[in-house]
Amino acid sequence: MISRRRFSKIAAGTGLALAAPALSTSSLAQAQPIKIGTSISLTGPLSGTKNALTGYQLWRDDVNAAGGLLGRPVELVTYDDQSSPAQIPAIYSKLVDVDRVDLLISPYGAVLSAPVMPFVKQRDLFLVGMFALAGNDTVRHDKYFHACPWGPNSQVNWARGFFDLARAAGCTKVAIMSADIEFAKISAAGGKAISEEYRMSVVYDQSYPPNQTDFSAILRNIRAAQPEAVFVCSYPPDSTALIRGLSEVGIGDSVKIFGGSMIGLQYASLLANIGPALNGIVNLHLYVPEPTMRNPAIDGFLARYEPLARAQQLDALGHYVPPFCYAAGQIIEAGVKGANTLNHAQISRYLHANPVQTIVGRATFNELGDWTEKRVLMVQFRGIRGRDVEQFRQPGRQVILDPPPLRTGELVAPFGAARSG
Amino acid sequence: MFLEILINAVATGLLLGSIYAALALGLAVTFGILHIPNIAHPVFVVLGAYLAVVANERGWDPILAALAGALPFYLLGALFYEFYARVFERRGEADTMQALTLFFGVSLVVETALVLKFGTNQQTVDVDYVGQSLRIGLLVMPYRLLVPALVAPVMILTLWAYLKFTYAGIAIRAAAHDVRALQVSGVDPHWIKRHAFGIASVTALVAGAILVIIGPVDPFSGRLQIGRAFAVVILAGMGAVPGTILAAFIIGVAESLVSAFLNPSWSPGVAFLILLATLALKPQGLFGASR
């Protein structure tokens with residue numbers, strides 16, 4: 001006969017034994033998640049970058065599948081900033097004070113990131129920067145780390161590759177044109193500084209309003225100035241209009257190299273829309289599928305991204321933004337694991353002292369959180385036929401001219417000859 | 001070189017002006033004649049542009065596609081007015097601020113619908129004449145601007161003739177002046193206004209086809225057009241439909257000359273400076289007296 005007390009003990013022991021595996025396996029799920037907060041431009045003029053979310057989500061899934069961070073799952077807290085800087089202060093205050101996120105990632109680009117910087121400096125918070133050119137040069141926050149390889153002193157240096165190519169091609173006269181927006185202004189100022197350093201005379205230097213649709217007057221004025229290099233700092237809508245203008249009114253025979261800092265020529269939709277008119281343009285990129293760039297990690301990432309992009313109507317290529325969002329997650333992962341804490345000061349100390357291996361390369365940070373090694377690519381479009389986006393997944397279509405260690409071809413000049421494809 | 005730049009700046013200004021007129025024409029009907037501040041007009045233009053994109057993917061020329069889609073867009077415009085009238089006018093609450101809120105809300109709804117359907121990527125059309133130019137001596141006119149610019153005068157002339165020489169057109173103009181007198185004449189002002197909104201919607205469709213020929217569009221492209229469209233209508237003078245194209249020419253040429261000889265960044269400001277100066281000297285607009 002089993003007494004009631006003994007029966008209770010046996011039942012409790014059996015129950016505990018049965019529940020033990022479940023308790024053990026669900027410990028990660030039951031632990032408080034580590035919250036990472038950011039804003040994404042899901043709507044508005046910068047919504048072409050909304051595929052950033054996919055990059056973050058793929059990293060979150062991977063890190064959670066590998067056991068999370070500090071034994072806790074990772075959770076993303078994101079808001080739509082509507083591409084508007086006015087939304088940013090409220091969003092980041094909410095992320096920190098209401099959602100109580102543990103770590104922050106900045107919005108996309110210089111325009112949206114600028115309002116975040118005083119906030120993180122004042123609160124002394126860790127922040128991973130996303131695509132903001134010279135994003136920390138003014139505030140100089142010691143807990144800021146950039147996910148993009150603009151390199152040190154990026155305002156001046158990031159487009160240096162374009163001017164190195166121009167100098168090697170014997171250019172002495174340069175024209176600079178830029179859109180009236182933060183990024184383009186910074187970029188154009190950098191271009192002017194390098195022109196001066198290389199003793200190139202700036203024969204044309206003007207800006208234009210955003211979303212300009214007709215560039216014929218500007219192109220005629222540039223042609224009249226007879227530059228040998230034309231450095232363009234544009235945003236997606238005006239990049240398209242400008243390239244169409246090139247085909248319609250031309251730029252003159254004096255030009256050897258054209259492009260430099262045209263945003264939009266990294267997006268699948270624009271590449272497909274413009275098609276063969278891209279040929280000859282030399283422009284910045286961060287990743288192109290050339291032999292010197294490819295590695296199993298980024299190939300694997302893009303193979304996972306592409307079906308998601310098709311299903312969600314995102315940028316079909318995903319070469320520009322998503323890999324660097326994944327890398328932002330990897331920087332956080334390395335910092336938290338390396339410091340073994342969520343303390344922002346300790347994470348920052350670890351990242352300043354140790355390199356991070358990401359899918360877009362090995363990152364070592366300087367005192368401003370910029371990569372110590374610039375890895376902005378200058379690529380020349382070649383052999384573009386028709387409007388099939390698949391061709392931009394093939395090597396040889398966006399030939400890397402700079403930096404030299406990644407070079408896959410030499411500059412084809414003059415520009416008129418390069419235009420023929 | 002100076003002469004070449006001058007000739008081409010004026011020509012480009014005229015082409016751009018013609019395109020601005022096409023974009024503003026629907027607003028000239030709803031705002032200029034009926035005095036309804038339809039700030040949703042630019043989003044209807046963008047909707048028209050997307051229809052042109054879809055048709056172009058099936059091999060249609062954007063402008064021909066717009067003409068083919070005229071009837072559905074007419075009905076859409078009429079339905080839109082019916083909604084506005086039921087919400088405000090029939091309750092006798094056609095307050096301008098409330099109407100603005102309604103039209104703003106409709107703009108957001110249409111933008112969101114376009115985002116959900118097409119995503120946020122920029123859309124464009126593939127037509128043979130984009131990237132080529134007509135060259136006559138020093139003059140170089142891109143077909144990308146020239147073809148759309150030829151459509152606007154045809155639209156304006158047709159609308160002017162309709163308003164001037166048909167009973168329905170005269171009734172539309174009368175609706176803006178004296179609704180009671182119109183009713184005494186046996187004409188239903190509600191029907192007339194609905195008809196006018198239908199016409200404005202068709203002009204938005206054609207303007208959308210024009211817009212996507214000159215450059216790529218996204219769901220938010222309408223926001224960039226609204227200021228200039230209102231400026232053209234007000235500069236022309238409320239209800240002065242033929243004046244719309246002349247006002248648009250003035251703005252287009254001013255922008256182009258400033259862009260060519262001063263600084264491209266100043267061009268949008270100079271256009272509005274002309275508007276302010278004109279309103280200060282002639283508050284009814286350049287051609288307002290002809291209404």
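**Stop 1: helix α7 of chain B**

Select residues 167-177 of chain B, which form helix α7. Helices here are DSSP runs of H or I with at least four residues, strands are runs of E with at least two, and both are numbered from the N terminus. Which residues of α7(B) are buried? They are Gly169(B), Ala171(B), Ile172(B), Ala175(B) and Ala176(B). These five sit on the same side of α7(B), because they cover an arc of only 160° around the axis. The arc is taken from the directions that run from the helix axis to the C-beta atoms. A residue is buried if 20 or more other C-beta atoms lie within 10 Å of its own, exposed if 12 or fewer, and partly exposed in between, with C-beta atoms placed from the backbone.

Now turn to the face away from the buried side. Tyr167(B) and His177(B) are exposed there.

Next, show what the buried residues of α7(B) pack against: α1 (2-33), α6 (143-165), α8 (179-184) and α9 (189-214) of chain B.

A word on the model: it is predicted, local features need pLDDT of at least 70, side-chain atom pairs count only at pLDDT 80 or more, and totals for chains, interfaces and linings use all residues. Residues are numbered from 1 along each chain as its sequence is written, while chains are lettered from A and ligands numbered from 1 in the order in which they are written.

**Stop 2: where chain B meets chain A**

Show both chains. Here 33 residues of chain B are in contact with 34 residues of chain A. Contact means that two C-beta atoms, placed from the backbone, lie within 7 Å. On the chain B side, α1, β2 (139-142), α6, α11 (241-261) and α12 (267-281) each supply at least two residues. Which element of chain B gives the most? It is α1(B), with six residues.

**Stop 3: chain A as a whole**

Chain A has 16 helices and 14 strands. Its C-alpha atoms fill a box of roughly 105 × 45 × 35 Å along the principal axes. Of its 421 residues, 54% count as buried.

The average is 89, and 93% of the residues score at least 70. Then pick residues 20-27 of chain A: pLDDT stays under 50 there, and the model gives them zero contacts beyond four places in sequence.

**Stop 4: the two domains of chain A**

Colour domain 1 (31-154 + 296-363) and domain 2 (155-290 + 377-419) separately. These bounds come from an automatic or database domain assignment. The domain centres, taken over C-alpha atoms, are 28 Å apart. The contact takes 24 residues from domain 1 of chain A and 20 residues from domain 2 of chain A. On the domain 1 side, α5 (109-113) and α14 (322-339) of chain A each supply at least two residues. The most come from α5(A), with three residues.

**Stop 5: the nonpolar cores**

Select Leu104(A), Ala328(A) and Ile331(A), which have the most contacts inside the largest nonpolar core, of 140 residues. Such a core is a set of buried Ala, Val, Leu, Ile, Met, Phe, Trp, Tyr and Cys residues joined through C-beta atoms within 7 Å. The helix α14(A) gives the most to this core, with ten residues. Both domains of chain A give residues to this core, so it lies between them.

How values were computed:
pLDDT is the predictor's confidence in each residue, from 0 to 100.
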